[in-house]
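Take a look at the fold below. Then follow the report through its helices, cores and charged pairs.

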Amino acid sequence: MRMLLFVSVLALAAAGPIQDQLNPELDEHWEDYMRQYNKQYKSEIETHLRRLMWEKNLKYVQEHNLQADMGHHTFWLGMNEHADLSDEEFSLYQRGYIMRNESTGSAYLSMANVQAPDSVDWRTEGYVTEVKNQKQCGSCWAFSTTGSLEGQLYKKTGKLVSLSEQQLVDCSKENHGCGGGLMDLAFKYIKENGGIDTEESYPYMAKNEKCHFKRQDVAGSDTGFVDIPRGDEQALMEAVATVGPISVAIDAGHKSFQLYKHGVYMESECSASKLDHGVLVVGYGELDGEKYWLVKNSWGSTWGNDGYIMMRRDYDNMCGIATQASYPLV
């Protein structure tokens with residue numbers, strides 16, 4: 001992170017004094033932004049640098065939303081707590097999915113004579129915990145894992161219990177903690193370990209620590225996992241409708257995703273095969289004629305629509321949402 005800041009300072013210095021590049025008409029808005037998100041920077045240079053990045057992102061948001069208001073986009077952007085980061089910084093720690101091409105779980109079997117409803121929202125049925133925040137740690141895979149397992153345990157027991165992402169960060173050794181990981185490997189770890197602790201007993205610290213799993217605090221386990229056919233949005237829809245929240249991976253490496261606010265997200269630069277972020281599909285539906293997946297992110301409730309995003313559905317596997325989908329068996 002410091003190296004990225006240093007490089008950014010050098011690049012900006014070549015363009016002239018940073019202070020001269022700032023818009024004084026935005027001073028009050030900048031102060032409001034820092035207060036709203038409790039931003040505290042270590043030096044005057046960093047403050048000016050963050051301000052410059054913030055202004056750059058503000059211009060991007062304003063231009064995009066003007067085009068959206070004119071009907072050129074189906075979604076709108078907003079300034080959030082990540083709006084003072086450069087693209088490189090955001091890429092460094094806000095994702096963390098390490099993609100694998102092979103499938104290692106049980107094969108998904110489509111249910112005969114089952115007609116999926118037009119819309120599903122598992123939040124309204126009690127399957128989904130509150131939106132969480134991975135912070136400056138590439139642990140998205142752990143949040144996607146717990147989200148899917150939380151839903152399946154609720155389906156089995158009728159009790160919704162928040163599970164420990166920190167245990168997965170510290171103890172799932174086939175994964176890489178804040179350096180990234182894979183949901184399927186986390187499901188495998190939970191099975192082999194004999195369970196996962198509650199969030200309350202093993203709270204999230206947003207950094208790699210020594211494993212201190214406590215068997216007496218186990219809230220549940222899994223017996224394996226199912227991999228949904230690669231790229232098959234119809235199979236994903238059936239699974240969401242009949243199983244519950246599903247772990248998926250997407251390509252989130254775009255400024256439009258970083259600053260998403262509301263509407264049905266569609267990014268022409270998205271890849272269906274180069275995935276870098278683990279999230280959770282908790283439903284689907286249609287808005288103003290646009291089909292969408294309802295996705296829970298792990299960047300806090302100030303991001304997106306209270307922590308959620310609607311992503312374009314049945315549109316060539318937008319951002320790879322159906323490329324590596326899976327869920328645990330309980």
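## Two crossing helices

Helix 2 (residues 27-36) packs against helix 3 (residues 44-69) at an angle of about 105°, and their axes are 11 Å apart. Helix 2 is therefore roughly perpendicular to helix 3, a label for angles of 65 to 115 degrees. Axes here are lines fitted to C-alpha atoms, for helices over the stretch in contact, and angles run from 0 to 180 degrees between N-to-C directions. Helices (H or I, at least four residues) and strands (E, at least two) are DSSP runs, numbered from the N terminus.

This is a predicted model: local features need pLDDT of at least 70, side-chain atom pairs count only at pLDDT 80 or more, and totals for chains, interfaces and linings use all residues. Residues are numbered from 1 along each chain as its sequence is written, and side-chain values use heavy atoms, leaving out hydrogens and water.

## Who meets whom

Which residues of helix 2 meet helix 3? They are Asp27, His29, Trp30 and Tyr33, and their partners in helix 3 are Thr47, Arg50, Arg51 and Trp54. Contact means heavy atoms within 4.5 Å.

Is Glu55 buried or exposed? Glu55 counts as buried, because its relative accessibility is 12%. Buried means under 20% relative accessible area, exposed over 50%, and partly exposed in between (1.4 Å probe, protein chains only). Leaving aside neighbours within four places in sequence, Glu55 is in contact with Gln21, Leu22, Asn23 and Leu26.

## Nonpolar cores

In soluble globular proteins, nonpolar side chains tend to be buried together. A nonpolar core is a set of buried Ala, Val, Leu, Ile, Met, Phe, Trp, Tyr and Cys residues joined through side-chain atoms within 4.5 Å. The largest one here has 61 residues. Ile228, Leu236, Val240, Ile246, Phe257, Trp293 and Met311 touch the most other members. Helix 8 (residues 233-242) gives the most to this core, with six residues.

Ala186 sits in helix 7 (residues 183-193). Ala186 is buried, with a relative accessible area of 0%. Trp141 is 45 residues from Ala186 in sequence, but their C-alpha atoms are 8.0 Å apart in space.

## Salt bridges

A salt bridge is a side-chain nitrogen of Lys or Arg within 4 Å of a carboxyl oxygen of Asp or Glu. How many salt bridges are there by this rule? The count is 17. One pairs Glu89 with Arg50, with the closest N and O atoms 2.6 Å apart. Glu89 is in helix 4 (residues 87-93) and Arg50 in helix 3, so this pair links distant parts of the chain, 39 residues apart. Both are buried.

Glu150 forms a salt bridge with Lys132, with the closest N and O atoms 2.9 Å apart. Glu150 lies in helix 5 (residues 140-157) and Lys132 in the loop between strand 3 (120-121) and helix 5, so the pair ties together parts 18 residues apart in sequence. Glu150 and Lys132 are both buried. Salt bridges link Lys132, Glu150, Glu165 and Glu199 in a network.

Methods
Parallel < 35°, antiparallel > 145°, perpendicular 65-115°, else oblique.
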